[in-house]
Amino acid sequence: MTRITNIPNLEGYGVFVDDIDFKNLSRQEWMDLGKLHMKKLVMIIRKTGLDKRSFHQVIKKWGKSRQNYAATLFTKYPWAEGNFRNILTSPDVDKHDKDIIREYWKIGGCNYKQGNILRVAEENGLFGSGELLWHSNESGDIAFTPGVALMGERGMCNSATGFMVTTPYYYSVSDSIRSELDEMILTHDFQTGKINVEDENLFLYKNMCPEPTEIPLVIQSPAGIKGLHYPYNTVTGSNNNRLLAEVKKGLEKYTYDYWWENDDDLLIFDNSIVQHRRLGHTKDRLCHRYQFDYTYLQYKVTKQNYIPYFQEPYRSRYVDKMNLIGNMLKHEGISFPVFV
Ligand SMILES: [Fe+2]
């Protein structure tokens, strides 16, 4: 019988799932777990018995794989028609862009049929070695991908993946501070050394913040949970820096570092209002990352498309970017909700 218990410190925004039997799990039970994940933001499923292949089979039932990097690239080179090879073989593309594609290829990108699952590892992987500071993925992209799943394979148990939730802080402050938070707009830009101090990927640059951007601090998660989009890796400032420094202090206690207990644990977490980090050792460590939209759960939970923002012009900018992403990825046979 599957057991569900709260993760310490996250104030109800995180659950452990134990004793799950994937071999006998019905589709309905798995989708119900997906809905629970959306409401809980962080889900740690211990001892899954899954491997990379079966991980892909189950996680793709929750949503489609998405990497905004590909959309940005194919917007720049529309003539490539979604084919990386066309860009790599073109004499008109500069070496820098080709290097990034080669790197992306090496870590497992460019393969939508197999879910575009990226290797996170020292060898031929993303974020090779060392600790990773607090961050979220695609954090300085107004249309960041909202979900991340990490499936361990080997060498996981000397490392921790940490989570920081922001919703309890948002509701802990006074009404007047909360309305100040609602008004805050943060500026984002790529900043060297803000995630992985030891060895950064070229790919990372494009992925985290393709261009300097402004994004509201208070947004909602796909399930409609209000919280803060305050990723330390790309935020450079705001219209209220004094309050922003207070927020950073206030968030410290809503964190939990999960020291991996089994190589086949599966961690699934929100990437909109939750930050994550890595501690410990990475020698011979290999895990697989699936970054995704809640394509098949979204409507079941909220009966509407996901728009993170409450105010203009950010809602419109988001919709425009999502339509662009949807358009670009049609080449790959991928489709997203179309916004009108
Ligand atoms: Fe990450």
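## Burial and model basis

Of the 340 residues of the protein, 44% count as buried, where buried means that 20 or more other C-beta atoms lie within 10 Å of a residue's own, exposed means 12 or fewer, and partly exposed is in between, with C-beta atoms placed from the backbone.

The model is predicted: local features need pLDDT of at least 70, side-chain atom pairs count only at pLDDT 80 or more, and totals for chains, interfaces and linings use all residues. Residues are numbered from 1 along each chain as its sequence is written.

## Overall fold and dimensions

The protein has 11 helices and 16 strands; these are DSSP runs numbered from the N terminus, with helices being H or I of at least four residues and strands E of at least two. The radius of gyration is 19 Å, close to the 20 Å that the globule rule gives for 340 residues, so the protein is as compact as a globular protein of that length. That radius is taken over C-alpha atoms, and the globule rule is 2.2 Å times the number of residues to the power 0.38. Along the principal axes, the C-alpha atoms fill a box of roughly 60 × 50 × 40 Å.

Two residues are in contact if their C-beta atoms, placed from the backbone, lie within 7 Å. Among contacts between residues at least 6 apart in sequence, 81% join residues at least 24 apart.

## Nonpolar core

A nonpolar core is a set of buried Ala, Val, Leu, Ile, Met, Phe, Trp, Tyr and Cys residues joined through C-beta atoms within 7 Å. The largest one holds 83 residues, of which V42, I44, A149, V165, L266 and V274 touch the most other members. Helix α3 (residues 68-76) gives the most to this core, with five residues.

Leaving out residues up to four places away in sequence, V274 touches L41, V42, F163, M164, V165 and F269.

## Loop residues

L126 is in the loop between β4 (118-121) and β5 (132-135), and counts as buried because it has 20 C-beta neighbours inside 10 Å. From C-alpha to C-alpha, L126 and Q57 are 22 Å apart in space, and they are 69 residues apart in sequence.

N9, in the loop between β1 (3-6) and β2 (15-18), is not a glycine but has a positive phi of about 70 degrees. N9 is partly exposed, with 16 other C-beta atoms within 10 Å. D284 lies in the loop between β15 (274-280) and β16 (286-292); its phi is near 55 degrees, a positive value in a residue other than glycine. With 12 other C-beta atoms within 10 Å, D284 is exposed.

## Cis peptide bond

E312 and P313 are joined by a cis peptide bond, with omega about 5 degrees. P313 lies in the loop between α10 (298-302) and α11 (314-329).
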